[in-house]
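Thanks for coming, everyone. Let me put the model up on the screen.

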Amino acid sequence: SKVIAKNTIFLYIRTLLIMLISIYTSRVLLNKLGVDNFGIYNLVGGVVATFASLRGVFAQSVQRFLNFELGKKNLHEVKRIFSMSMTAHISISLLVLFLAETIGVWFLLSEMNIPNNRMEAAVWCYQFSILIACVQIIRVPYNSCIIAYERMSFYAYLSILEVGFNLLIAFLLTMTNCDRLILYSFLMFIVAVFISGVYKIV
């Protein structure tokens, strides 16, 4: 019961902090990127938000199998399930990449109403958004393992660190003369890779 209470507190704190930081980050981004760039990022980068919402469903599916085998103390099966889930999610990420680079690119260039002078930046933003989505999909088995082993404090800390990096990036946008939309998309991709690397190492 103490473990359940502790994990619940960590998750509630995580959710509250992420919500508050995300709301403030959106305000800072709107100010630093400008209305046009902010709108383009939310439109083109929506692919990340789509797969972020599905990531929880994927993680729960893998977690159920991991919890079942952990309950039986069958570590060999735990490793096998993790390996299979990695293969499955890598395959899903490759499928997403293929569809995004074919149908998605066509839709972006032909159907989306984006100013001509911002189309190049929108394309770069879209490419980095696809890569972020793929990285997040491949990260799912690691998320599932952390939840299955009930390491909620680590999960909460890393989630808060990720949104903290996002807020820091938003503030750093004023320190460069580069295209802010492209730079922001690139730095978000770097953060996604870094966080995934931490998951893998730990």
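I'll go through confidence, then the core, then the charged pairs.

Start with confidence. This is a predicted model. The protein averages a pLDDT of 85. Of the residues, 97% score at least 70. Element by element, H7 has the highest mean pLDDT, at 90. H3 has the lowest, at 76.

Now the core. The largest nonpolar core holds 51 residues. Which of them touch the most other members? Leu29, Val44, Leu66, Ile114, Tyr126, Tyr184 and Tyr199 do. Walk along the chain with me. Which helix gives the largest share of the core? H5 does, with 14 residues. As background, nonpolar side chains tend to be buried together in soluble globular proteins.

On to the charged pairs. The count comes to four salt bridges. I'll take you through some of them.

Lys72 with Glu69 comes up now. Their side chains meet at 3.9 Å, N to O. Are these residues buried or exposed, or something in between? Lys72 is partly exposed, because its relative accessibility of 49% falls between the 20% and 50% cut-offs. Glu69 is buried, because 8% is under 20%. Glu69 sits in helix H3, the element with the lowest mean pLDDT. What else is around Glu69? Leaving aside its neighbours within four places in sequence, Glu69 is in contact with Asn74, Glu77, Val78 and Ile81.

Arg80 forms a salt bridge with Glu77. The closest N and O atoms are 2.8 Å apart. Both residues lie in helix H4. They are three residues apart, about one turn of the helix. Arg80 is partly exposed, at 39% relative accessibility. Glu77 is buried, at 18%.

Next, Glu162 with Arg139. This salt bridge is 3.5 Å, N to O. Where do the two partners lie? Glu162 is in helix H6 and Arg139 in helix H5, so the pair ties together parts that are 23 residues apart in sequence. Glu162 is buried, with a relative accessible area of 16%. Arg139 is buried too, with a relative accessible area of 2%.

One more stop, also in helix H6. That is where Leu172 lies. Leu172 is partly exposed, with a relative accessible area of 37%. Its C-alpha atom is 10.0 Å from that of Leu183. Along the chain, Leu172 and Leu183 are 11 residues apart.

To recap. The model is predicted, and its average pLDDT is 85.

Definitions and conventions. Residues numbered from 1 in each chain as written. Predicted model: local features only at pLDDT ≥ 70, side-chain atom pairs only at ≥ 80, totals over all residues. Heavy atoms only, no water. Core = buried A, V, L, I, M, F, W, Y, C linked by side-chain atoms within 4.5 Å. Buried < 20%, exposed > 50% of the residue type's maximum accessible area, 1.4 Å probe, protein only. Helix = DSSP H or I, 4+ residues; strand = E, 2+ residues; numbered from the N terminus. pLDDT = per-residue confidence, 0-100. Contact = heavy atoms within 4.5 Å.
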